[in-house]
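Work through the two exercises below with the model open. Each task is followed by a stepwise solution.

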Amino acid sequence: GQGVLLGIGDMTRPDIWLALAGVIVITVLLVLEVKAAMLAGIVFVTLMAWATGLSPQPEAVVELPSLAGTFAQLDIAGYFHQFGRALPVTLVLLFVSIFDTAGVQFAAGTQAGLISADGKLPNSSSAFFSAAFATTVGSLLGTSPVIIHNETCAGIQDGGRTGLTAVTIAVCFLVTLPFAPIFRAVPAIATAPPLVAVGMFMM
């Protein structure tokens, strides 16, 4: 939007219509109970965007993964030097991570039918610990907080009920590392439709 972070989009743009088509494709596939409906929607929109020139195609297929520029790039001395400024930001990130993890945990647990009669999610402390541990390790690797994300609901929608779902996804991420050029070329209009669908699940 103009002058604000969020505003009404320009509905004359073809990429917006392609993203909406992706939402429709995913919704139809979900109604038909097609497995991997989310992935199919992403692939559909991506291929259409590449074919129509709305998004550039990948420049390469494979490349060697590298942690250069991100691994252990911590400025501890700078943090304490600017402690007055850094502390409020730290607290904001801490509480956002905690409440985000708690909220998604409860929503995903509700969707999976795992909430107990007294309204609690069994073993939730283990989920909090894993998110905290992953965030700590992830920060050393140069990534954003590794918390439970809304995309978990997509796995639950396709039948996932245990941590094996997350382990499978992690292995898939590892396999895709050499193919980063392809995944970098996936446009935002292709990844937006699944998030809209996940939002519908949570509603």
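Helices here are DSSP runs of H or I with at least four residues, numbered from the N terminus. The model is predicted.

**Exercise 1. Find which helices supply at least two residues each to the lining of the second largest pocket, and describe that lining.**

Solution. 
1. Start with the space. The second largest pocket holds about 460 Å³.
2. Go to the centre. The pocket has 18 lining residues, and the closest to its centre are Leu 94, Ser 97, Thr 135, Thr 136 and Pro 145.
3. Assign helices. H4 (83-112) and H5 (124-141) each give at least two residues to the lining.
4. H5 provides the largest, with seven residues.
5. Sort by class. The lining has ten nonpolar and eight polar residues, and no charged ones.

**Exercise 2. Determine how helix H1 (residues 14-31) and helix H9 (residues 188-202) cross.**

Solution. 
1. Two packed helices are described by the angle between their axes and the distance between the axes.
2. Read both values. The axes of H1 and H9 come within 8 Å and cross at roughly 45°.
3. The crossing of H1 past H9 is right-handed.
4. List the contact. H1 contributes Asp 15, Leu 18, Ala 19, Gly 22, Val 23, Ile 26, Thr 27 and Leu 30. H9 contributes Ile 189, Pro 193, Pro 194, Val 196, Ala 197, Met 200 and Phe 201.
5. Sort by class. The H1 contact with H9 has twelve nonpolar, two polar and one charged residues.

Conventions
Residues are numbered from 1 along each chain as its sequence is written. This is a predicted model: local features need pLDDT of at least 70, side-chain atom pairs count only at pLDDT 80 or more; totals for chains, interfaces and linings use all residues. Side-chain values use heavy atoms; hydrogens and water are left out. Axes are lines fitted to C-alpha atoms, for helices over the stretch in contact, and angles run from 0 to 180 degrees between N-to-C directions. A crossing is left-handed if the near helix is turned anticlockwise from the far one by less than a right angle, and right-handed if clockwise. Contact means heavy atoms within 4.5 Å. Ala, Val, Leu, Ile, Met, Phe, Trp, Tyr, Cys and Pro count as nonpolar, Asp, Glu, Lys and Arg as charged, and the others, Gly among them, as polar. On a 1 Å grid over the protein atoms alone, a cavity is a set of points where a 1.4 Å probe fits but cannot get out, and a pocket is an open set with protein on both sides within 12 Å along at least five of seven lines; lining residues have an atom within 4 Å of a point. Grid points are joined across faces, edges and corners, and a volume is the space filled by probe spheres set on the points.
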